[in-house]
Every structure is written in structure tokens, then in C-alpha cells.
Amino acid sequence: MKLTMWTYEGPPHVGAMRIAASMKGVHYVLHAPQGDTYADLLFTMIERRPARPPVTYTTFQARDLAGSTADVFKSACRDAVERFKPDALLVGASCTAELLQDDPAGLARTLDVRIPIVPLELPSYQKKENWGAAETFYRLVRSFAGGRERPAGIAPNSCNILGPSSLGFRNRDDVTEICRLLAANGIDVRVVAPLGATVDDLARLPDAAFNIVLYPEIGDSAARYLKKQFGMPFVSTVPIGIGATRTFLAEVRALAGLLKEDPLGEAEDRATWYARSVDSNYLTNKRVFVFGDATHAIAAARIAARELGFKVCGLGTYMREFAREVREAAEEFGVEALISDDHLDVEQAIIDARPELVLGTQMERHIAKRLRVPCAVISAPVHVQDFPARYSPQMGFEGANVIFDSWVHPLMMGLEEHLLQMFRDDFEFNDRAEASHLHAPAPAASDVVEVADGDTLVIAEAASGDTAWTPDAERELRKVPFFVRGKARRNTELFAARKGIRPITVETLYDAKAHFAR
Amino acid sequence: MNQPLACAPSATIRQRGQHEVFCGLTSIIWLHRKVQDAFFLVVGSRTCAHLIQSAAGVMIFSEPRFATAIMEERDLAGMVDMHDELDREVARLLERRPDIRMLVLVGSCPSEVIKFDLARAAERLDRRYGSKPRVLCYSGSGIETTFTQGEDNFLAALVRDQARHGSVDRLAKLVVAGSIADVVEDQFARLLDELGLEDVVFLPGRSSERLPKIDATTRFILAQPYLGATAAALEGLGAARINALFPLGEEGTTAWLKAIADSFGVSPARFATVTEAPRRRAREATAHYRPVIDGKRVFLFPDSQLEPSLARYLNRELDAEIIEVGSPYLHREHVAGELAMLPPGVSISEGQDVEVQIDRCRAARPDLVVCGMGLANPFEAEGIVTKWSIEFAFTPIQGYEQAGDLAELFARPLTRKAMIAGERSGNRRVAS
């Protein structure tokens with residue numbers, strides 16, 4: 001057993017869901033108990049997907065265990081095929097169903113559903129989300145591209161893009177950016193998979209000259225298979241950062257047999273000049289701690305050190321599968337790689353490294369917030385705010401621009417905060433003056449009360465003027481959430497003043513609440 | 001597979017199929033905020049950990065008071081003794097968090113399927129630590145429990161624990177069972193005090209302190225409708241249940257308090273005096289939102305078992321028309337009063353076949369759908385206005401002073417729709 005408070009990755013069947021949800025016409029029947037449907041909300045809430053993910057759960061309950069959960073599974077498959085009419089069915093088990101004796105692959109074979117069925121074996125007690133996604137994608141590619149003949153006379157500039165998926169960090173915009181860049185460089189992108197692909201698209205994978213693996217965590221095993229099966233070469237340089245994008249374009253152009261002239265698209269690179277501008281001088285040797293999935297963490301460390309002039313003081317990943325790559329990268333910066341999926345280890349490593357900027361996932365954002373260190377998010381897992389409405393790729397030249405802004409922005413704020421600290425006795429910058437650039441009124445230091453659990457609560461400003469509150473009413477007011485407490489106080493005092501009530505009691509508080517409720 | 005079942009006020013649709021609901025583990029999210037010195041340790045898989053984390057959303061604390069002991073391959077292969085493994089992880093946890101006074105082991109689907117004996121583990125650990133902390137256990141597995149039923153099992157475990165180790169010096173005359181927000185608890189405590197009641201105990205309490213003695217002289221009332229096992233455990237100690245509506249809205253809260261008052265022989269005059277002002281406030285606050293909801297057709301998907309009470313409130317105090325009331329489980333005896341107050345013709349459904357229910361919902365073209373987060377955005381994308389049901393479990397909605405807030409929860413999506421579309425909310429039509 002392993003004690004876990006927060007996990008960086010979900011179970012492998014969530015990875016399989018991500019592949020099913022990425023594609024069109026693929027439905028996933030998951031043998032799972034009631035409650036496992038929680039995973040739907042990752043798609044509908046975090047990614048704000050306007051449709052339910054294409055997943056049917058058997059949702060067996062305790063009473064089904066005595067009977068036949070196998071029958072529940074088979075009827076779920078039949079119903080799903082009839083209702084959704086998919087082109088292919090993925091079938092598999094979640095962690096609980098893995099413990100039962102039912103065999104989804106065997107059971108699915110006995111179904112007469114007239115569509116291809118791809119069974120998945122995802123060992124829930126050994127593997128995790130990204131592995132599950134990679135394995136599912138590989139199984140699909142094998143099933144639908146596997147039996148194909150490679151056509152003669154393939155255009156050398158044709159390629160596929162492998163790896164982008166649903167719930168992937170900025171995958172949507174990365175695909176747009178890279179496709180645009182490739183088109184400008186005379187490369188013909190045939191199939192992007194799994195994001196937006198159909199099973200017919202997968203069958204067309206061998207029709208291109210080579211593959212581009214944008215996200216090795218998910219696309220690598222499929223790319224290796226296509227290389228072995230069809231001799232398709234692949235590029236797996238990840239074009240995050242100016243340098244990496246240049247290398248990537250050079251490699252792609254070489255594979256496509258294009259001239260070795262300068263790649264096109266660099267006109268949009270503003271990040272290089274911004275980093276050179278004198279304004280950026282104060283970034284020099286800022287200590288930065290990098291943690292995330294292997295691809296984003298390695299890319300971020302290289303950008304930090306070579307393109308922004310930071311000092312990398314820590315580099316790590318939660319993906320044990322890519323530990324070797326991260327260790328190699330860490331050597332470049334003279335740090336020891338942190339390979340751990342325990343957020344407490346990461347927190348300790350951050351404390352030990354004393355960074356001035358943390359680049360990480362949602363977890364590191366919270367750790368950094370607690371430690372009051374500036375932070376930017378570079379990798380999944382992420383919250384809803386990192387599935388933004390605006391165009392914000394990480395890859396390519398525009399991606400580098402986005403990265404420059406999003407990493408430097410918290411530091412700018414950090415610098416301003418520092419200046420405010422230095423001048424805190426100044427008449428305009430003292431503790432009680434509100435900082436005009438902050439979104440919310442800055443909490444005055446003396447009113448911040450540390451409470452259990454490390455939450456910071458801000459008590460509303462002290463009673464104003466001569467309006468008297470009974471101690472009971474004052475206590476009751478404290479139970480109002482701090483962000484509306486000020487309003488509750490003002491409304492109640494206004495109400496009391498109008499009605500000539502004095503002192504304000506608990507009754508008055510709620511009378512006013514009822515009066516103003518609208 | 002839908003079979004009508006005879007039941008007042010109308011036939012119940014019994015459903016079997018895919019259930020789009022949370023499991024009982026989710027209840028940890030509010031229980032750990034309520035009981036401030038308890039730690040909830042799930043014995044389960046990575047899925048369990050991921051579920052709680054996903055459902056808890058932004059509630060990432062520096063040190064959450066819940067965690068998962070994730071079972072690994074070697075645990076399942078019998079290469080290690082799982083009881084030894086659990087003891088080791090618990091020891092590590094308590095070393096880290098010496099402030100924990102109550103450790104709650106929570107069973108999950110995987111731990112139950114392999115028949116890991118959590119009760120035995122809890123007893124052993126309780127003996128080992130000599131009640132510092134005390135160790136309890138309950139099941140929050142999806143195969144056994146739906147969403148709020150996790151709390152039911154937890155409270156039943158607290159009651160059983162009192163039967164075994166309970167104090168005898170203090171007696172509870174009235175137990176108010178069901179987790180409610182602290183501010184609501186304080187309001188109820190004040191009202192009950194004004195009614196002249198003494199020795200009132202709220203279950204769960206805000207700390208891990210053991211319950212006072214419960215015996216045949218104790219009466220209890222449910223503040224939440226999902227407490228079948230808790231009620232059975234209290235009755236097992238001889239306590240008598242006070243039957244009432246649930247305290248949602250002015251009417252529900254009054255009926256709830258009146259049931260208590262009558263049970264303890266409080267004079268009608270005193271009851272009227274105590275409740276008059278808050279009743280007026282609740283009616284006034286609710287009235288602000290009635291124009292938005294009046295006549296709107298509402299469809300409720302199953303989630304928390306609060307649905308019958310919410311439907312009763314929507315219909316009687318906000319004049320909404322109710323199309324279907326879904327509930328994951330109907331404890332008929334406890335919600336009989338609620339169901340009896342629904343107008344004839346309302347469909348009641350117990351359990352779920354989510355695809356079939358979505359078909360029914362689309363066909364009914366409701367003005368507002370109360371549903372879970374996995375369904376809400378897809379419905380919105382179809383032009384159907386929704387209200388996330390999970391908020392009813394986290395927001396203070398019980399009692400007089402929250403009646404307006406409860407109405408606002410329903411009114412907000414309708415108001416928003418009208419604001420954004422620049423039209424009156426009544427003009428909305430379902431996209432076909």
C-alpha cells in the first residue's frame with residue numbers, strides 16, 4: 001500500500017477515456033462500479049466539452065456481484081452499440097472490475113455486434129493514466145492500420161501528427177500552431193491522431209511518408225509500431241521553445257527532403273527579442289524549479305536556461321516511464337533529477353532548492369502559493385483555467401511568445417510585491433493602503449488570521465463608526481464568508497439605520513439579509 | 001428496464017442501467033470540513049484517490065485531512081499482508097499528523113471486492129492506539145453507496161461506536177442527525193433553545209468527541225433524507241424517530257421544528273412566538289425569486305436523495321411545475337411526507353438508466369434540469385438550462401435564514417440565461 005494525498009495521474013482507464021474522447025466514432029464500454037462515472041466531469045467541466053464523453057459504464061452494484069456481472073457487461077455493450085452506432089468499440093475493465101473474474105475481451109468476442117472491437121488490458125494496480133492513453137492509442141493504431149498495405153509513390157513531404165489528445169495540456173492550440181507552421185514549410189499533414197481522428201483516419205496512417213510525435217507520452221509506442229511495421233521514420237523532437245522549434249523544423253524538412261534553407265515562420269518570434277531587451281536583465285540567473293510531465297519539464301528547463309537566462313535549480317517529473325530522459329536533461333543543468341509522484345516529496349524538494357520561480361503543474365501552483373513563490377503552470381494535471389478560451393499554444397513560435405508572457409508575468413508581480421514591501425512605510429504603500437493593481441482589496445496584514453489547516457481568512461474591517469453590534473451579532477457576522485462579509489455588514493448597518501434599530505442583533509442581521517435578498 | 005411501482009402520489013419508475021452518480025467516498029469532502037479533528041483514510045485504488053481529488057476540485061489544502069492508501073499489485077497478489085501494510089501506513093500518517101483525534105478508515109469497491117476486513121483492522125488499530133486517536137470504519141464504496149449514503153454509513157458508525165464505548169454520564173434527549181453547515185446548526189440550536197429544549201446533540205458534531213448516551217428516552221430527528229442506516233442504528237439503541245418533512249424552505253423548516261416541538265410538548269403559543277419572525281423572513285426572502293421560477297418546468301436527476309424535498313419546496317414555495325423527481329434511492333418511510341405533498345402526476349424515479357432518463361428529459365423539454373456535473377454542460381450545449389446538484393450538498397440550504405439562498409440557487413441559472421441571451425427566460429426553447 002502507498003499513502004497518497006494527491007495524485008498527478010489518474011488510473012489507466014482514464015487514459016483510455018481520453019483517447020476515446022479524442023476520437024470520432026469510437027465508443028468505450030468500461031466495466032466499472034457505480035461512481036466511476038466521476039471521470040466524465042473531467043471532460044465536461046475541466047475541458048468544458050459540450051457533449052458527454054463517449055463512454056458507457058456498466059455501473060455494477062453489490063447486488064450484481066452475486067449474480068452475473070458478465071451479463072451486465074454484455075448488455076451494456078449491446079445497448080451502447082445500438083444507441084451510439086460507433087465505428088469501433090473499446091472494451092475494458094476499471095480497477096474494481098479487474099478483480100472480478102469477468103474477461104471483457106473474451107465476453108466481447110461472444111457479442112455479435114458487427115463492428116470492430118478492441119479489447120484493452122490496463123493493469124490498474126501497476127500503471128497510470130498516461131500509460132493507459134498510450135496503450136489504448138497503440139492498440140487502436142495496431143487494429144486499424146495493422147493489416148494495411150503501404151501504397152507506392154508516397155509524397156515525401158507527407159506526414160502524420162501523433163499524440164495530441166483530449167484533456168492534454170494546450171493540445172488543441174499546439175495542433176493548430178504546428179499544422180500552420182508545417183504548412184508554411186511545405187509539409188503536408190495527412191492525419192492528426194488521436195485528437196479529432198476517425199478509425200478510417202487511423203487506417204490511412206501508413207499512407208504518409210513519416211510521423212511526427214508531438215507528445216511522446218501518448219504517441220511514442222504507436223510511432224514505434226508504425227516504424228517497425230511499415231518502416232515509417234518519425235521525428236520526436238518536441239517543438240516547445242525557440243531552439244527546439246528550429247531543430248524540429250530542420251529535422252522535419254530533412255525527412256521531407258526539403259532544402260536546408262532557413263525554416264519559415266520565424267517572423268512571429270517575439271520571445272527572442274523580448275528576452276534580449278534590457279527589460280529582461282533582471283531575469284538573469286533567477287532560480288527556477290521545474291516539475292511536470294517529462295516532455296514539458298525537459299522543454300521548460302531548456303527554455304529557462306538557454307532562452308530566458310534563468311538558473312535551473314531543480315528538475316523533475318512524476319512519470320517514472322520517462323525517468324531516463326529527465327535524468328539526462330538534469331545532468332545538463334548540474335542538478336539531480338527528482339522522479340516522484342508524491343507531492344510531499346516535490347514540496348520538500350522545492351523548499352530545499354529555494355527557487356524564485358516554480359514551473360509546474362496544478363499541485364506546484366498550490367505549493368508555490370503556500371510558500372509565496374511566483375509560479376506558472378507548464379504541464380498537466382491542470383485545472384479549468386488552463387483550458388483557456390483564448391489561443392495559447394505552447395509549441396512553435398507563437399507558443400514561445402505565450403511562454404514568455406506566462407512565465408515572466410508572475411515574476412513581474414513578484415517584483416512589484418517586493419517593491420511594495422520595501423516601501424511599506426511609505427504613505428502610499430503602507431500596509432493599510434490598497435494596492436491599486438491587485439484584483440481584490442489587499443488584506444491588511446494585521447487583519448489576516450491564521451486558522452487551522454493553514455487557510456488564511458481575512459476578517460472584515462473593524463466595526464465602522466458608531467454603529468453598535470451585540471457580541472452575538474458580531475460573532476454571527478464572522479460566519480459569513482469573508483468575501484461577502486463586508487457587504488453583509490454594510491447592508492445590515494444601512495438597514496438598522498433606516499429602521500432606527502440599535503444595537504444590531506442577530507435578528508437584525510437576518511432581517512436585513514431577508515430584506516436585501518435579491 | 002423500467003417497471004412502474006405502485007406508490008403515492010404516483011407510480012415510481014424503477015430504473016436499472018448506467019448510473020451517473022458519485023460513490024459514497026465523495027461525502028468525505030464535506031465530512032472532513034465538518035469534523036475538524038478527523039482524518040479520512042480511504043483503502044482503495046488510484047481511481048478512488050483520483051475521484052476524491054477531482055470531486056474536491058480546488059479544495060487543495062496544504063495538508064488535506066483525507067488520503068488514500070492505494071492498494072498495489074503486491075497487496076493483491078498476497079505477497080504482503082495487507083493488514084501489516086495498512087498498519088504501517090497508518091503509523092506513518094499518525095506520525096505526520098499527531099493532531100488527529102479520530103481516524104476513519106473508509107472502504108472502497110476494490111477493498112470490498114477482495115473482502116478486506118476493514119472492521120477488524122479498525123478494531124485492532126483502535127486497541128493499539130488506545131483511542132488516541134480512536135479508529136472507526138465505514139464503507140463508501142460505489143457498489144454499496146451512492147454519494148450522500150457515504151455520510152449515512154459514517155454517522156451509523158459513530159452511533160455504533162457510542163453503543164460500544166459511549167459515556168454514561170451525559171444523556172442526549174434530542175439527536176439532530178445529518179451533517180449541516182455550522183451556521184445552520186447554530187441557527188437550529190438557537191431556535192431549539194428558545195423552544196426550551198435541552199440536551200440537544202448534533203450528529204456529526206464539530207469534533208471527534210464521543211456522543212452522549214442514547215437510550216429509550218432519546219428522540220431523534222433527521223435533518224437529511226439520506227440517513228436510513230443512521231436511523232436504524234439510533235433505533236437499535238432504543239431512540240424514537242420524530243417523523244417530519246425535511247427543513248428546506250419555510251414550510252419544511254416549520255414542519256420540522258413543529259414536529260420536534262409537538263414531540264416535546266412545547267406549547268403552540270411559544271412555538272408561534274419563536275418562529276414568527278424567522279418564518280416571515282423566509283417567506284420574504286423566497287418571494288424575491290418566485291417570479292423567476294413561477295411556472296417553470298423542472299426535471300430532477302438522481303444524486304443526493306434530497307430531490308423529493310427540493311421538488312416539494314420548488315413546487316409549493318416557488319410555484320414550479322415538477323416533471324420528474326429522480327432519486328438514487330427512496331427511503332419510503334422517511335420521505336413519505338415529502339412525496340405526499342407533491343402534486344399528482346409527478347413522475348418519481350428510483351435508481352437510474354441514464355440514457356433512458358436523458359431521452360425522457362429531452363422529450364419533456366424542461367425549463368430547468370437539476371443534474372450532476374457530467375451531464376450539465378452537455379445539456380447546456382443543447383440549450384437546456386441546468387443547475388448542478390452537487391451544490392445542494394455543499395451550500396447551507398436548510399432552515400429559515402437559508403430559504404432565500406436556496407431559491408436563489410434555482411433562480412440563478414434562469415436569470416443568467418435571460419441576461420446573456422438578452423431575452424426573458426420564459427422565451428427559451430429547447431434546441432432540437
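In chain B of this predicted model, strand E3 (residues 38-44) and strand E5 (residues 102-107) pair in the parallel sense over six bridges, where two strands are taken to pair if DSSP finds at least two bridges between them, and where helices (H or I, at least four residues) and strands (E, at least two) are DSSP runs numbered from the N terminus. Within this pairing, the bridge partner of B:Leu41 is B:Leu105 of E5(B). E3(B) also pairs with E4(B), again in the parallel sense, over five bridges, and here B:Leu41 stands opposite B:Ala67. Seven of the seven residues of E3(B) are buried, so the strand is largely enclosed by the rest of the structure; buried denotes under 20% relative accessible area, exposed over 50%, and partly exposed in between (1.4 Å probe, protein chains only). Both faces of E3(B) are covered, with B:Ala38, B:Phe40, B:Val42 and B:Gly44 buried on one side and B:Phe39, B:Leu41 and B:Val43 buried on the other.

Residues are numbered from 1 along each chain as its sequence is written, and chains are lettered from A and ligands numbered from 1 in the order in which they are written. Because the model is predicted, local features need pLDDT of at least 70 and side-chain atom pairs count only at pLDDT 80 or more, while totals for chains, interfaces and linings use all residues, and side-chain values use heavy atoms, with hydrogens and water left out.

The contact (heavy atoms within 4.5 Å) takes 67 residues from chain A and 82 residues from chain B. The area buried between the chains, that is, the accessible area (1.4 Å probe) that two parts lose on being put together, summed over both, is about 6700 Å², of which carbon and sulfur atoms give 56%. A:Met1, A:Leu3 and A:Trp6 supply 15% of the area that chain A buries against chain B, more than any other three residues.

Eleven salt bridges are counted between chain A and chain B, each defined as a side-chain nitrogen of Lys or Arg within 4 Å of a carboxyl oxygen of Asp or Glu. One of them links B:Arg281 with A:Asp511, the closest N and O atoms being 2.9 Å apart. Helix H20 (residues 506-516) of chain A gives the most to the side of chain A that touches chain B, with seven residues.

Chain A contains 20 helices and 16 strands, and of its 518 residues 56% count as buried. Four of its strands form an open sheet in the order E7-E6-E8-E9 with parallel pairing, in which strand E7 (188-193) and strand E9 (234-235) are the edge strands, each pairing on one side only. Strand E6 (residues 158-162) and strand E8 (residues 210-213) of chain A pair over four bridges, and A:Asn160 stands opposite A:Asn211 in E8(A). Elsewhere in chain A, helix H17 (residues 396-422) holds A:Asn401, which counts as buried at 6% relative accessibility. Leaving aside its neighbours within four places in sequence, A:Asn401 is in contact with A:Glu268, A:Asp269, A:Arg270 and A:Ala271.
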